[in-house]
Amino acid sequence: MTTYTARPIDPTVLKELRSADDAGRRMVPVLDEEGGAPLRCCLRRGEPGERIALVSYAPLRRWAAETGVEPGAYDEQGPVFVHAEECAGPTAGAGYPFADAHRTVRRYSAEGHILGGRLVETPDDETFRDAFDDPSVALVHVRAVEYGCFLYEVRRG
């Protein structure tokens, strides 16, 4: 049985985003006084008092650059929260993050084109097994329903 891994934003990409995000803006750190921000660097909610930043991130563009494809009109960029400084990353075996609300699961082909999406109550192994049952699906993005923000990526294999 295949298990799927929620992938945080890569540490090399995080370093770039902390310098200039995918919209070309400098990072502006803030103190997260209340906590609760969904941090894409470590795939957990922020704790009160942590220094975080809201940066613009283009996940499909980044993946396309890695794989040499052109996502065309499917190249989206949007806001994501990250720690303002390097962090330890996600805890191994922590399961699927941000599973406390309905999520949209978007499927993408190896060419970077969207193949469809699905609203799920809680992402789980079955969600990703269903998505990857289609051999043309190369990766999946999990997004928040309320704002459409990118939460994390799951890849085939």
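Trainee: Where in the chain is Phe98 found, and is Phe98 buried or exposed?
Mentor: In this predicted model, Phe98 is found in the loop between strand E5 (78-83) and strand E6 (103-109). A residue counts as buried under 20% relative accessible area. Phe98 is therefore buried, with a relative accessible area of 6%.

Trainee: What is the phi of Phe98?
Mentor: Most residues other than glycine have a negative phi. Phe98 is a residue other than glycine with a positive value. Its phi is near 55°.

Trainee: Arg40 lies in the loop between E2 and E3; is Arg40 buried or exposed?
Mentor: Leaving aside neighbours within four places in sequence, Arg40 is in contact with Pro8, Ile9, Pro79, Val80, Phe81, Cys149, Phe150 and Leu151. The relative accessibility of Arg40 is 2%, so this residue counts as buried.

Trainee: Which residue has its backbone oxygen 2.8 Å from a polar atom of the side chain of Arg40?
Mentor: The side chain of Arg40 belongs to a residue in the loop between strand E2 (38-39) and strand E3 (44-45). A polar atom of that side chain lies 2.8 Å from a backbone oxygen, and the residue that supplies this oxygen is Pro38.

Trainee: What separates the C-alpha atoms of Arg40 and Pro90?
Mentor: Arg40 and Pro90 are 50 residues apart along the chain.

Trainee: With which side chain does the side chain of Asp22 make a polar contact?
Mentor: Asp22 has its place in the loop between helix H1 (11-19) and strand E1 (30-32), and is buried, with a relative accessible area of 17%. Not counting residues up to four places away in sequence, Asp22 touches Leu17, Ser56, Tyr57, Ala58, Arg61, Arg62 and Gln77. The polar contact, at 2.6 Å, is with the side chain of Arg62.

Trainee: Which elements do the buried residues of H2 pack against?
Mentor: Helix H2 covers residues 59-67, and its buried residues are Pro59, Leu60, Arg62, Trp63 and Ala64. Just after H2, Gly68 takes a positive phi of about 80°. The buried residues of H2 pack against H1, strand E4 (50-57), E6, strand E8 (137-144) and strand E9 (150-155).

Trainee: In what order do the elements of the protein run from the N terminus on?
Mentor: The secondary structure comes to 3 helices and 9 strands. Residues 24 or more positions apart account for 61% of the contacts with a separation of 6 or more. From the N terminus on, the order of the elements is α-β-β-β-β-α-β-β-β-α-β-β.

Trainee: What radius of gyration does the protein have?
Mentor: The C-alpha trace spans about 45 × 30 × 25 Å along its principal axes, and buried residues make up 41% of the 157 residues. A compact globule with 157 residues would have a radius of gyration near 15 Å. The protein agrees with this, having a radius of gyration of 15 Å.

Trainee: How far apart are the mean positions of the positive and negative charges?
Mentor: The protein carries 19 positive and 26 negative charges. Their mean positions are separated by 3 Å.

How values were computed
Residues are numbered from 1 along each chain as its sequence is written. This is a predicted model: local features need pLDDT of at least 70, side-chain atom pairs count only at pLDDT 80 or more; totals for chains, interfaces and linings use all residues. Side-chain values use heavy atoms; hydrogens and water are left out. Helices (H or I, at least four residues) and strands (E, at least two) are DSSP runs, numbered from the N terminus. The radius of gyration is taken over C-alpha atoms; the globule rule is 2.2 Å times the number of residues to the power 0.38. Buried means under 20% relative accessible area, exposed over 50%, partly exposed in between (1.4 Å probe, protein chains only). Contact means heavy atoms within 4.5 Å. Lys and Arg count as positive and Asp and Glu as negative; His and the chain ends are not counted. The place of a charge is taken as NZ of Lys, CZ of Arg, CG of Asp or CD of Glu. A polar contact is a pair of N or O atoms within 3.5 Å; within protein, one must be able to donate a hydrogen and the other to accept it, and residues adjacent in sequence count only if both atoms are side-chain atoms.
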